Amino acid sequence: MGSVGNGNGNGGAVRFSGPMPAARRLRQLLSDPRRAVFAPGVYDGISARVALAQGYDCLYMTGAGTSMSCLGMPDLGLANGTDMVRNAGMIASLDPCVPVIADADMGYGGTLNVANTVRQYARAGVAGLHIEDQVVAKRCGHLAGKTLISREEYANHIRAACKARDEGTDIVVIARSDARNAEGGGFDESVARLRLAAEIGADALFFEALAGVDECKEAIKLLPRNIPVLINIIAGGKTPVISFDEAQEIGFRIVIWPFVGLEAAVPALENAYRVLKKTGKPPAEPAPMGPAGLFDVCGLQDLMAFDAAVGGSAFSSGV
Ligand SMILES: C[C@](O)(C(=O)O)[C@H](CC(=O)O)C(=O)O
């Protein structure tokens, strides 16, 4: 989409035009108070492509899914910043018109690491990221036994994230608090930390592990009105499983479903490998898509059209 103007009447200046940068697009979506942003969880190139084909306005890169798909490990803080930014940047590059909100865990260290994480995600084209208040040896927000950093340290991390954002990027900084179900935390501690993060300059707030619809309503009542609040819905997690419309009705402005793709993929994979082993053939249903059908999911037609548009003939007789 980028066009380079050279000797084209603008004094030889290089001019780029193309889709609105993803972070600006996310800010635009968030600026409409009547509408929540709906972001299904994706964890790799295939899940992102499949979700993009459904026409969502935004995608969510799950850190747990990244850890599982890129490392084969559960969400126990084993994926580092490099693993995460690589996956987030790849997903963000697939359709630059659709913003990606990506998990950035605890920012992978102290204030300097948090700032570096924000810069790297912004450079990778990620539209928004969330930074939480767990220690570096973190775990999934819906598991027991979480340990928090102090309120002061968290404030410093959010300050670092905002300062890095303000170096010339538009990336949306989402402050997450895990205090609700962490040792020494609780509902009030989460509220206090998220209010503090809003004062410091976070763009949105993520209240992790809200327990029940009444608590969701209470959180919305107690958090500042002028800042979008994210709800993280995981079947079998701590937060009640409510629909997008119900979440929007309560007042949430960003709704993520991190595991929707993983919950579909894991049983399907398990079935395919089991049947192949048992019968010597893959399951008959669903009908095989074939190589071209599978590659179509990942943009085969666009790539062939690109080649033809620039005069290539690599695919002129089909694939
Ligand atoms: C939202 C989350 O950070 C994610 O990685 O998707 C996880 C999801 C999970 O592991 O249940 C979280 O809530 O901590």
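This is a guided tour of a predicted model, from the whole chain down to single residues.

Residues are numbered from 1 along each chain as its sequence is written. Because the model is predicted, local features need pLDDT of at least 70 and side-chain atom pairs count only at pLDDT 80 or more, while totals for chains, interfaces and linings use all residues.

**Whole chain.** Along the principal axes, the C-alpha atoms fill a box of roughly 70 × 65 × 35 Å.

**Domains.** Next, colour 22–265 as domain 1 and 286–312 as domain 2, with bounds that come from an automatic or database domain assignment. Taken over C-alpha atoms, the centres of domain 1 and domain 2 are separated by 33 Å.

**Ligand.** Now select the ligand, which 14 residues surround, the closest being Thr62, Ala64, Cys140, Gly141 and Pro258 (a residue is near if its C-beta atom, placed from the backbone, lies within 6 Å). By class, this shell has four nonpolar, seven polar and three charged residues, where Ala, Val, Leu, Ile, Met, Phe, Trp, Tyr, Cys and Pro count as nonpolar, Asp, Glu, Lys and Arg as charged, and the others, Gly among them, as polar.

**Helix α6 and its partners.** Select helix α6 (residues 151–165) with helix α7 (residues 187–200), which pack at about 35° with their axes 9 Å apart; axes are lines fitted to C-alpha atoms, for helices over the stretch in contact, and angles run from 0 to 180 degrees between N-to-C directions. Residues making this contact include Tyr154 and Ile158 of α6 and Leu196 of α7 (C-beta atoms, placed from the backbone, within 7 Å). The contact of α6 with α7 divides into seven nonpolar, no polar and three charged residues.

Val114 and Val118 of α5 are among the contact residues, as are Ala160 and Ala164 of α6.

**Two backbone details.** Most residues other than glycine have a negative phi, and most peptide bonds are trans. Select Asp105, in the loop between β3 (100–103) and α5, where phi is positive at about 45° although the residue is not a glycine. Finish at Pro286, in the loop between α10 (260–279) and α11 (290–297): the peptide bond from Glu285 to Pro286 is cis, with omega near -5°.

Methods
Helices (H or I, at least four residues) and strands (E, at least two) are DSSP runs, numbered from the N terminus. Two residues are in contact if their C-beta atoms, placed from the backbone, lie within 7 Å.
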